[in-house]
Amino acid sequence: MTRTLLLPAVALLTAGLAAANDFDHFEKKIRPVLVEQCYSCHSDDAEAKKKLRGGLKLDTRDAVLAGGDTGPALVPGKPADSLLLKSLRYDGDAKMPPKGKLPDAVIKDFEAWVAAGAPDPRKAGGAAKTVGLDLEKGRQFWSYRPVANPPAPAVKDGAWPAGDLDRFVLAALEAKGLRPAPDADRATLARRLYFDLTGLPPTPEQTDAFVNDKSPDAYEKLVDKLLASPGFGERWGRHWLDLARYAESVTLRGLVFKEAWRYRAYVLDAFDRDVPFDRFVREQVAGDLLPAATPADRTRQVVATGYLMLGNNNLEEQDKRQLRMDVVDEQLDVIARGVLAQTVTCARCHDHKFDPIPTKDYYALAGILRNARALKDANVSQWLEVPLPAGPGVEEEVRKHDAAVADLQARIKAAKAVAAKNPPPADAPPAAKGVLALKDVPGIAVDDAKAMKVGAWTESKHSGSYIGAGYAHDDNGGKGEKSITFDPEIPATGKYEVWLAYSGGVSRADNVPVTVFSADGEKTVAVNMKQPPGIDGRFVSLGQFRFEKDGQSFVLISNEGTKGHVTADAVTFIPADQVPAPGAKAAPPAKGKDKEKPADAAAVAAMEAELKRLQAAAPKRPMAMSVVEEAKPEDLRVNVRGSVHNLGEPAPRGFLRVATVGPAPAMPADQSGRVQLADWLTSKDNPLTARVYANRAWHYLFGSGIVRTVDNFGTTGETPSHPELLDHLATRFVADGWSVKKLVRTIVTSRTYRQSAANSAAAAADPENRLFGRANRRRLEAEAIRDAVLSVSGKLAPAPDGPAFAPGLAADYGFKHTAVCRSVYLPVFRNALPELFEAFDFADPSVTTGKRTTSTVAPQALFMMNNPFAVEQAKHAAARLLAEAHPDDAARVVRAYRLTLGRAPTAGERAVAAKFLAAQPDPKAAWAALFQALFASADFRFIE
Amino acid sequence: MLLPLSRREWLTRTGCGFGSLALAGLASADAARAAPADPLAARPGHHKARAKRVIFLFMQGGVSHVDSYDHKPRLDADDGKQMPFHDSRMIANSGVRQASNRRVMKPLWKFARHGQSGMWASDLFPEVARHVDELCFVKSMHTEGVAHGPATLFLHCGSTTFVRPSMGSWVLYGLGTENANLPGFVSIAPSAGNGGPRNYGNAFLPAVYQGTPLGHAGGPAADATIKNLAGPLPPAAKQANFDLLRELHAEQLKRTPGDAELEAVANSYELAWRMQRNAPDVLDLAKESAETKALYGIGEKATDTYGRQCLMARRLCEAGVRFVQVTYGDNSANPAWDQHSNLPKHGDHAKAVDKPIAGLLADLKRRGLLEDTIVWWGGEFGRTPYAEGNGTGRDHNPTGFTVWCAGGGFKKGFAHGETDEFGGQAVTDKVHMHDLHATILHQLGLDHEKLTYRYAGRDFRLTDVHGHVVKGVLA
């Protein structure tokens, strides 16, 4: 509209301008506006202040013509093609200036200026658009160079190294004139190794067994025993779950991922069985597309793609195109940071400011993932679940069931077709006759008399069959202006079936929009009121919905877009477990005139009820969260400035060019590219994947990586302290068949790992311990604190087989974590983390976390002093100790220290404990207090 | 005292334990400011502050601005007519900016001018209306997110989707706290729904900046307290256990003398112990006079809960807490102020908060606290000027709504910006939620463009790359 009207207006204006082709008009009318309204975001100066917006500068003629992210700002002489004018008119995505539209007169000045060829004296070209690090230069950056296999360096002290790993560490220490720390004592080593490999402390007996084992390979035997124990999967699987932002609910609405536990089980199993890391990554990115040898493999692989599904997405985002890209962005962030330690999502809106990652590479990767769907669109979108292969017996049952359902559906359809040919006479009384009192209606019923009406509704008793005080109709008029809302008091949160009672007949509308507002959003059902209601001749079911007490729970019937009378008699909300059996209260089927009529409304209703019952009793295939491939793979176009509504150049699917060594996998047009992405990620030539995981393993075992920014191997991350050692480990990791257990074994059997924390010379010269010339004292994670407490109290329960919450749980709000299994099995609810997790720096389950924060804050202290868990478990620990045979309290104190801190008490500590025990009247309470204090103490929280 | 450390030494030393983390993340411009090793130590902002603290009265769900403060005579004139509107939900769903016919719905409450300033207010909030001369209305608000979850997260954290620190965490990070014995950022009765803990979470900021929840939405105010502040043990046992722990720590420190990390843990218990002793006093309303309680509506059925929570907020602020949020809401995904149907129910909610808010304003003023306290009232968005689905309520409206601020250097008895003649969309002097955040930070002495934290390779801000300080609302 604007365009067609505008052109003549501009023509007139230009004609009226005496000197439009010199700079007068520009100087008087245009420049001041640009300076005042635009320069703060669109000029060299703005760029210098980092305030440049949209890549657009308006402070020179060249810059104006070059334009910004969306193209040239204007085309001289062509107002209709000039984005600048469109923006000024507030006539598109960009509305400028953002603070408010300029007066029409000013906009007309601009139109005239452009129409006159946009004369503009401003010279000196603006600087070229900023781009990230150039790709070729980028390839020289350490992390993008191919992984090398450097020889181990020569060292002066040839006796110290236990292997090549140690030579790299020792050479660096010797270069600084330092010596490594002596080996830690065996008890310290046992505690370190047990926690690092299994997440649990050794019992005093286990420590003694190792301390007293005189065989030369005692240490290696212990390592192998722990690597083979289920504790390894529980510990190292949990590390991966941090990277996979593993959770069992989504923050908004607290909706529970009831199948997510399968992914957790898959991860733990993969670490237990030492599934090669490259395969592990491939399965998570594209397991659903990879060939599977057996149904069990197929199951594992489909479950693995849960990795792509666990994002804490904003399912309520109403702009579903935006949501789709947000999901892709989230997946990409998790893969890129977790597997590659790259911050690619910076490139969603602009070329990466620091790293050689152009926006086009981002959309090349995003295009691959966008070909897999994770959500089904709805007001509150739903994540997808797919059936897993079931056993042969179940498959047969499923086949039979499907056939029965199809048969019944066909019969219902046929019966309805007959009924449609024999419509009941106009306004004929429906099957049920007479007046039904509201109190006789099942559920929480609202009569139309109590409903809120908008517009003129007529109350009627004409049909003679209704609930309560008659029914309402819209007089077949005022279409779109009338509505009637039934709003009951829901007594308790739960699932309800909603029935609508109406007065049917041929004069009625056949497409009445009835909207149910429930805790899960709103759903509109079109009701055909020409048909008599199917249930008892009075009601139709609108479906089952979840309502919350005090939450939104109402049914709105509108007459919008209807032809024919819209009627409303009552609405009832029946608790799902109290829905009357079909026909239980049904009136006898009405006698039709035609005896041969094969099925009437009541019979159809009965069949529909049977269908519902059949469907509810369907044999269950297990389900898993997984993506589903789009039928037709596509490339994306660059979303300019990250906006899904502003599409730029096409971005053919591909990979990060800077991290591609040699030819990239070919991208077949008929495939999504996910298999190729998996191939590229796990190629032995990928310079990042092996380095990143080797560094992570080091970080988990030393508390600090060779690259300390474990999730960022880009230019804003840190550089490796021992680049050659990192390459050595990465090379070896790949050569060992990507075996995580072998990688861990290599590290923990080194002398470097076995050092003690005491090395004053190294501590003085290298306070941050970048050279690894001593052991770091490390913090126990939340899970290890909890599991250690439970193992000391003797209450640790075995792992649950499935999720650790009740099957029907719909929302995570206020979930109480009462299970006493190992922490890795507690449900990770984003709105209801176990309190101990929250207090002790558990990984934020919404984002990839390679390195947990370590805080020391008062809420941790309050937890240990006052939380019932701390108090109760201390009591159990005390009871357990008191039940054991010990000669005296002194022996018990030693035992308590060894159980909790893995060491014997010092003389001072014995004295403190003895004094305390002597002063307490009740020994049970005294021992409980001593255990609680030991759990609370600083030493319990650290491993050395 | 068994720990031979002065407070000064403690502050310096614990810096190695948890302060270093905070320091490592501070952008260089802020490094000097954060020089005190205690990451919670009170410190000046980037420029002179007009306010020291914030009380945010969160009306969860979205109060109808056209029924409360945004007076639009056209709604009465055209009541019941079908007219074209740009409905946010429809635009978001379809991706097409297209008008659709909607039934205009007049306000259910009567508007009048109030106070010396003649500010418009309806009789939805009659008590607060007596204080309009203290209020600065922003009537041209707009924000992101059409549904509660996204918009609520945006209101608190400046992002509809991503995990970002809450505004209170940013403020605490920027300014520290004035009372080391209390949490610096408190959220009273937060809702579990619509982002739940993320709305008072520290996200990637160090954990010391996390918000502390007191109770939960819909719960009784009397139960609202800090987690684990009290435990099952009797006081005497607690004292004995604490003394024992002190002695154990003293022995553990002897094994590695001068160990900063061990000392940090030991000292976290000292702080917890002091908090355990001080916080209950601050939260205990029994010490307040009957007159003060009555001022807040405490003891009256409708207003007792929110009245207690508002009074608690005043006591916390008085004690030096930097950021206090008081939520009026519900603990589920469907919040209180959310009348998609049955708009008259707005009246019940208004009744519950009106007197407590008026009482809070009066009480802050007479104590001289309003001068340097920003009281911010508002929801995550407003409501449509037309009926939803032709029914009896109004749908969400993120494109135009009203909030007000009082105290803290905001203009008094003033209205900034306008919506269109129906109250549908902000049109004049528009203020985005990012702008409001920037402005509140500005009054606290913080420059929203300089208050940054480096995470995952880049500097993050509450206002992302947006936001302008709205000078027009500042006195």
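Helix 31 (residues 907-919) of chain A packs against helix 8 of chain B at an angle of about 170 degrees, and their axes lie 9 Å apart. Axes here are lines fitted to C-alpha atoms, for helices over the stretch in contact, and angles run from 0 to 180 degrees between N-to-C directions. Helix 31 of chain A and helix 8 of chain B are therefore roughly antiparallel to each other. (Angles over 145 degrees count as roughly antiparallel, under 35 as roughly parallel, 65 to 115 as roughly perpendicular and the rest as oblique.) Helix 31 of chain A contributes Gly908(A), Glu909(A), Val912(A) and Phe916(A) to this contact. Helix 8 of chain B contributes Leu244(B), Glu247(B), Leu248(B), Glu251(B) and Lys254(B). By class, the contact has 4 nonpolar, 1 polar and 4 charged residues. Ala, Val, Leu, Ile, Met, Phe, Trp, Tyr, Cys and Pro count as nonpolar, Asp, Glu, Lys and Arg as charged, and the others, Gly among them, as polar.

The model is predicted: local features need pLDDT of at least 70, side-chain atom pairs count only at pLDDT 80 or more, and totals for chains, interfaces and linings use all residues. Residues are numbered from 1 along each chain as its sequence is written, while chains are lettered from A and ligands numbered from 1 in the order in which they are written. Helices (H or I, at least four residues) and strands (E, at least two) are DSSP runs, numbered from the N terminus.

The contact between the chains takes 76 residues from chain B and 78 residues from chain A. Two residues are in contact if their C-beta atoms, placed from the backbone, lie within 7 Å. On the side of chain B that touches chain A, two or more residues come from each of helix 1 (7-25), helix 4 (88-94), helix 6 (148-157), helix 8 (235-255) and helix 9 (260-283) of chain B. Helix 8 of chain B gives the largest share, 12 residues. This side of chain B divides into 32 nonpolar, 30 polar and 14 charged residues.

Chain B itself has 13 helices and 19 strands. Its radius of gyration is 23 Å, close to the 23 Å that the globule rule gives for 475 residues, so chain B is as compact as a globular protein of that length. (The radius is taken over C-alpha atoms; the rule is 2.2 Å times the number of residues to the power 0.38.) The C-alpha atoms of chain B fill a box of roughly 80 × 50 × 40 Å along the principal axes. Of the 475 residues of chain B, 61% count as buried. A residue is buried if 20 or more other C-beta atoms lie within 10 Å of its own, exposed if 12 or fewer, and partly exposed in between. Among contacts in chain B with a separation of 6 or more, 75% join residues 24 or more positions apart.

Chain A contains an open sheet of 4 strands in the order 6-18-12-15, with antiparallel pairing. Two strands pair if DSSP finds at least two bridges between them. Strand 6 (444-447) and strand 15 (539-547) of chain A are the edge strands, each pairing on one side only. Neighbouring strands of this sheet are turned by 20 degrees against each other on average, direction ignored. Strand 6 of chain A is joined to strand 18 (residues 570-575) of chain A by 4 bridges. Val446(A) stands opposite Val571(A) in strand 18 of chain A.

Gly468(A) lies in the loop between strand 9 (466-467) and strand 10 (471-473) of chain A. Gly468(A) has 21 C-beta neighbours inside 10 Å and counts as buried. Beyond its neighbours within four places in sequence, Gly468(A) is in contact with Leu438(A), Asp447(A), Ala449(A) and Ala570(A).

A further open sheet of chain A has 5 strands in the order 7-11-16-13-14, again with antiparallel pairing. Strand 7 (452-454) and strand 14 (521-527) of chain A stand at the edges with a single partner strand each, so one side of each is left without a neighbour in the sheet. Strand 13 (residues 512-518) and strand 16 (residues 554-558) of chain A are joined by 4 bridges. Val516(A) has Val555(A) of strand 16 as its bridge partner.

Backbone geometry was also examined. A cis peptide bond joins Met96(A) and Pro97(A), with omega about -10 degrees. Phi of Ala118(A) is near 50 degrees, and Ala118(A) is buried, with 22 C-beta neighbours inside 10 Å.
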